[in-house]
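User: I would like to go through this structure step by step. Could you guide me through some of its features?

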Amino acid sequence: MTEVPLPVRTERLVLRRFTPDDLDDLHAYQGLPEVARFLYRPPLTREQCVQSLARRAAGTAWAEDDDDLVVAVCPIGEERVVGEVVLKLASARARQAEIGWVFHPAYGGRGYATEAASATASLAFADLGVHRLFARLDVLNTGSVRVCERLGMRREAHLVENDLDGGRWGSEYVYAALAREWKAGRAQ
Ligand SMILES: CC(C)(COP(=O)(O)OP(=O)(O)OC[C@H]1O[C@@H](n2cnc3c(N)ncnc32)[C@H](O)[C@@H]1OP(=O)(O)O)[C@@H](O)C(=O)NCCC(=O)NCCS
């Protein structure tokens, strides 16, 4: 199993593992309908957040397809989790990983999601050996599109009505970056 080197400190944030003590903070954003709007599932109940934290406390494997790492994001100097970045191993054989992000709207518009996603992408490429990192997002999710573009990811696909979101056909973009592209981008 690959060791995941957390916590990570960025200019304004600490990225660390979740603990059961994060329940109130987690539910404060995962329970909001506006946050779940483009996640193709309902907001999480408090009980679902309890279960999710229990799973994470049991340890994070990063070895097999579908293993995931969920990183809690805390502004430096604030003892609270304001969002998360998720890294999922889509194919261990081909070293493909999917990245996603969910933040409390009260902490939006400050660049925290981009800063945390950038640090997580660096961790994925440099420490976890990821070859290609991709994100899938609803085309209407303009905030998330801008995060991908600020990260320098490439828009690779526009899937048309490839999913059903309640009664609405959802269309998605796929954005991606390769390890060598990421390295070259950071070097500039
Ligand atoms: C997607 C999501 C994380 C985007 O949040 P966000 O606040 O727009 O993204 P960031 O935290 O990176 O902030 C970027 C904004 O902060 C601004 N900003 C302000 N101060 C800044 C600073 N010091 N540094 C960087 N950016 C700053 C940027 O200009 C940018 O604004 P813009 O997009 O209007 O140009 C958020 O909307 C969310 O959690 N949504 C719900 C869950 C979801 O849909 N997840 C994605 C599923 S695919």
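**Helix packing**

Analyst: The axes of helix 4 (residues 112-126) and helix 6 (residues 179-187) come within 10 Å and cross at roughly 125°. Axes are lines fitted to C-alpha atoms, for helices over the stretch in contact, and angles run from 0 to 180 degrees between N-to-C directions. Helices (H or I, at least four residues) and strands (E, at least two) are DSSP runs, numbered from the N terminus.

User: What does that angle make helix 4 relative to helix 6?

Analyst: That angle makes helix 4 oblique to helix 6. Angles under 35 degrees count as roughly parallel, over 145 as roughly antiparallel, 65 to 115 as roughly perpendicular and the rest as oblique.

User: Which residues make the contact?

Analyst: Helix 4 contributes Ser118, Ala121, Ser122 and Phe125, and helix 6 contributes Ala179, Trp182 and Arg186. Contact means heavy atoms within 4.5 Å.

User: Before we go on, what kind of model is this?

Analyst: This is a predicted model, in which local features need pLDDT of at least 70 and side-chain atom pairs count only at pLDDT 80 or more, while totals for chains, interfaces and linings use all residues. Residues are numbered from 1 along each chain as its sequence is written, and side-chain values use heavy atoms, with hydrogens and water left out.

User: At what angle do helix 1 and helix 3 pack?

Analyst: Helix 1 (residues 23-30) and helix 3 pack at an angle of about 125°, and their axes are 9 Å apart. Helix 1 is therefore oblique to helix 3. On the helix 1 side, the contact involves Leu23, Asp24, Leu26, His27 and Gln30, and helix 3 supplies Arg46, Cys49, Val50, Ser52, Leu53 and Arg56.

User: Now the ligand. Which residues come nearest?

Analyst: Of the 20 residues around the ligand, the nearest are Trp101, Phe103, Gly109, Thr114 and Arg146. A residue counts as near if one of its heavy atoms lies within 4 Å.

User: What is the distance from a ligand nitrogen to tryptophan 101?

Analyst: A nitrogen atom of the ligand lies 2.7 Å from a polar backbone atom of tryptophan 101.

User: Which peptide bond is cis?

Analyst: The bond from leucine 6 to proline 7 is cis, with omega near 5°. Proline 7 lies in the segment before strand 1 (8-9).

User: What about the phi of tyrosine 40?

Analyst: Tyrosine 40 has a positive phi of about 60°, although this residue is not a glycine. Tyrosine 40 is in the loop between helix 2 (33-36) and helix 3 (46-57).

Technical notes. A polar contact is a pair of N or O atoms within 3.5 Å; within protein, one must be able to donate a hydrogen and the other to accept it, and residues adjacent in sequence count only if both atoms are side-chain atoms.
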